[in-house]
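Work through the exercises below with the sequence and the structure at hand. Each task is followed by a solution in steps.

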Amino acid sequence: MKITRFLAAFLLSAVSLSADSLQLNTRKQVKAVNNFVSKTEVSKWDAKKTAVVICDMWSKHWCASATRRVGEMAPRMNAVVEAARKKGCLIIHCPSGGVKLYADTPMRKLAANAPKAETKIPLKGWCHLDDKRETKLPIDDSDGGCDCLPRCSTKTKMDRHQVAIIKMEKGDAITASAEAFYLMKQRGIKNVIVMGVHTNMCVLGRPFSIRQMVYQGQNVVLMRDLTDTMYNPRMRPFVSHFRGTDLIVEHIEKFWCPTITSVDFVDGEPLRFKDDR
């Protein structure tokens, strides 16, 4: 009887531990003799010391194709966010330019009230390409990256609300600044999962995103199937839009952080855009 009770208590403890832990299948590019090789490994993170950062998943972008792909990603992203929230991760919604739309919400106030923290490296606003750490990006996005024909006007009115499919719940935070890092410091969060758009621009450069978090010593991963680039295949290196995203993901794996997929949180296959053939 005592053995049975001990076993039951042990199993209950193990289940509890598992509920609060994340097992991530990470991928990175490792420098070899004359090139990079892909390396995968399993990382285990404490969910309660992990933040999920959702970058610029706006309801309407100036580019119609970008808006459409956000719509494709949103249902699976919401499923990942729900799973991560249940595990105990902090969810940080970052709709840049749209934060004021949520001024009176408890999620916005949660981030705004995070006390400023000292940092070893000064926090940056926009984190530009760092030629001391990385090469030039492997795609030319100098035209803005719209892949529509005819091209969309950058003057098209945008809706900077976060796409409604991705739910905001009590206990989440809303920001688009270095407040995200202050909130992490306040809660002892060292791990960051970044998802959203656009991989070659805001996902790398925003003050709450990959470059910034790496500079501040956080453990960072990109969810590579829940992101998208602004890339026009009529620009260098003249590959498909989706191959352009792959190239940026590989760039991040080489110079910034590993990547994972949504399969680490929800069943099924990694998301694949319907036009990605």
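**Exercise 1.** Locate histidine 61 relative to strand S4 and helix H2, and state whether histidine 61 is buried or exposed.

Solution. Step 1: helices (H or I, at least four residues) and strands (E, at least two) are DSSP runs, numbered from the N terminus. Histidine 61 falls in the loop that runs between strand S4 (58-60) and helix H2 (64-87). This is a predicted model, in which local features need pLDDT of at least 70 and side-chain atom pairs count only at pLDDT 80 or more, while totals for chains, interfaces and linings use all residues. Residues are numbered from 1 along each chain as its sequence is written, and side-chain values use heavy atoms, with hydrogens and water left out.

Step 1: buried means under 20% relative accessible area, exposed over 50%, and partly exposed in between (1.4 Å probe, protein chains only). Histidine 61 has 9% relative accessibility, so it counts as buried.

Step 2: contact means heavy atoms within 4.5 Å. Apart from neighbours within four places in sequence, histidine 61 is in contact with Ala66, Thr67, Met158, His198 and Met230.

**Exercise 2.** Which residues of helix H4 are buried, and what covers them?

Solution. Step 1: in H4 (residues 179-187), the buried residues include Glu179, Ala180, Phe181, Tyr182, Leu183 and Met184.

Step 1: their cover includes strands S3 (50-55), S5 (90-94), S7 (173-174) and S8 (191-197), together with helices H3 (106-112) and H6.

Step 2: after H4 comes glycine 188, with a positive phi near 70°.

**Exercise 3.** How many aromatic pairs are there, and why is the pair of tyrosine 215 and tryptophan 256 edge-to-face?

Solution. Step 1: rings of Phe, Tyr and Trp (its six-membered ring) pair if their centres lie within 6.5 Å; planes under 30 degrees apart count as stacked, over 60 as edge-to-face and the rest as tilted. The count by this rule is three aromatic pairs.

Step 1: the ring centres of tyrosine 215 and tryptophan 256 are 5.6 Å apart and the planes stand at 80°, so this pair is edge-to-face.

Step 2: tyrosine 215 belongs to helix H6 (residues 210-215), and tryptophan 256 to the loop between helix H7 (241-255) and strand S10 (259-260), so the pair ties together parts that are 41 residues apart in sequence.

Step 3: tyrosine 215 is buried at 16% relative accessibility, and tryptophan 256 is buried at 6%.

**Exercise 4.** How many disulfides does the structure hold?

Solution. Step 1: a disulfide is a pair of cysteine sulfur atoms within 2.5 Å. The structure holds zero disulfides.

Step 1: for cysteine 94, the nearest cysteine sulfur is that of cysteine 55, 7.0 Å away. For cysteine 152, the nearest is that of cysteine 148, 3.6 Å away.
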